[in-house]
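Please read the following explanation alongside the sequence and the 3D view.

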Amino acid sequence: MSLFQVKGWDVKGDVIADKGKSKKNQKKPKKATNSNNNKGEASKEKPKDNKKNNNKKRNHKKMTEEKEESEGSDNEENSDLSEGEEEKEEQPQLQAKSKPSKSNPSEPAPKPASTKLTPLQQKMMMKLSGSRFRWINEQLYTTRSEEALQLIKDQPELFDAYHQGFRSQVQGWPENPVDVFVQEFKFRSKKPVNAPGGLPGIVNEDTNEKTVVIADMGCGEAQLSKDIGEFVKQFNGGKNKKFKKNDRTSRFNKLKKLNVEVHSFDLKKANDRITVADIKNVPLPDGSCSVVIFCLALMGTNFLDFVNEAYRLLAPRGELWIAEIKSRFNDVKDGKPQQGQGEEFVNALKLLGFFHKRTDTENKMFVRFEFFKPPPDILEERKQKLERQKKFIEVETEKEQLIEKREKNAEGNWLLKPCIYKRR
């Protein structure tokens, strides 16, 4: 062995192997080491005295050089492709991280926190909201209206909590009384205003136009105003303009428009349709309304003050519509309509000046009443009739007795019972 000859290391083999490789291919040591190892092993097996083997070895080296050159070029292309793909994969990730949010361009948008409740937590929340609703309901029925107004002013969230609980109660009813009043309005709008069976209206002396003016007392979220407003738009927009031959009602609808104003009053301004007021004293002039509605709104121990306010608001022949829960009336037994349903209530409103039109007890949950304010000529005629029958003094005495009874004990304690909702 010569002085610089080392086993497993061949200078010529290394130099020849490096000719076909690029700089990029030198980064991958695996293939380079494999080729060097193979050449080292070949040099070990190299015989010293056999020329034929040397020729074969040279030929073998040339073939390996060609293979390595071809492999080197392929490796360069593959390495270029792989590096390009890695750069493409990294770019969208960086873009996604650096992309600012629309709300704040300097900071990324935070992920919303999950607020899902377990079934047990949902059940407990329902119980808490139900008990809170019943407490608010009790406060509204067992205090005077001015105290209820102050309560809602101090804690406005109670109004929303009450109506949320009320909506869940109404879902179990066969009908919502607000929907019944809207249907009544639609049915009576088929006839001309102030005609028999039609809606009562206020007549403008200058233009002779008739306007139906409604005061919704204790309106809640003013759903009645919204529904009637949508119907009037459809009515005046031509969707109800079709008529049959010799159908005077439909011909009237084609030629005339329905003028309607709705005033909604409650303890809180839940939306723009509502005016905040104690419904025993609302900001409207005397005789300015043709319909006054109390839809489950005779709450408070002084609810007859609300009825007196309705009498003040109504024009002669104006109508009072009332819907109340059946369980509030003392003459209800086992939740079934009895003969003389709400008779004591009707008599009390008669003593306050109203004439009774009808009582509807068909609904399972509530009773509907219709009264009207008599014009002066009917009042005078009635007075003369009672004097002839010698009953005028008796009626006046009964009215005085009602006033005295109210002064001693509020009507909310004896005329109508508080409405107590059951747990759902």
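Which residues does S225 touch, not counting residues up to four places away in sequence? The model is a predicted one, and in it S225 touches V262, S264 and R273. S225 itself sits in helix 8, which spans residues 223–236. Its relative accessible area is 13%, and S225 counts as buried because that value is under 20%.

With a relative accessible area of 5%, G198 is buried. Apart from neighbours within four places in sequence, G198 is in contact with R188, K191 and P192. F187 is 11 residues from G198 along the chain, and the C-alpha atoms of the two are separated by 8.5 Å.

In soluble globular proteins, nonpolar side chains tend to be buried together. Here the largest nonpolar core has 40 residues, and within this core F185 and I293 touch the most other members. At least two residues of this core come from each of helix 4 (119–142), helix 5 (145–154), helix 6 (157–170), helix 7, strand 2 (210–217), helix 8, strand 5 (289–295) and strand 6 (314–325). The most is given by helix 6, with six residues.

What does F185 contact, leaving aside its neighbours within four places in sequence? The contacts of F185 are L199, V212, I214, I228, F231, V232, L258 and V260. There is also a second, separate core, made of 37 residues, and V213, A297, L320 and F354 are included in it.

Helix 10, residues 303–313, is mostly covered, with eight of its 11 residues buried. The buried residues in helix 10 are F303, L304, D305, F306, V307, E309, A310 and L313.

Cysteines are the last topic. C219 is buried, at a relative accessible area of 12%, and C295 is buried too, at 11%. A disulfide is a covalent bond between the sulfur atoms of two cysteines.

Definitions and conventions. Residues numbered from 1 in each chain as written. Predicted model: local features only at pLDDT ≥ 70, side-chain atom pairs only at ≥ 80, totals over all residues. Heavy atoms only, no water. Helix = DSSP H or I, 4+ residues; strand = E, 2+ residues; numbered from the N terminus. Buried < 20%, exposed > 50% of the residue type's maximum accessible area, 1.4 Å probe, protein only. Contact = heavy atoms within 4.5 Å. Core = buried A, V, L, I, M, F, W, Y, C linked by side-chain atoms within 4.5 Å.
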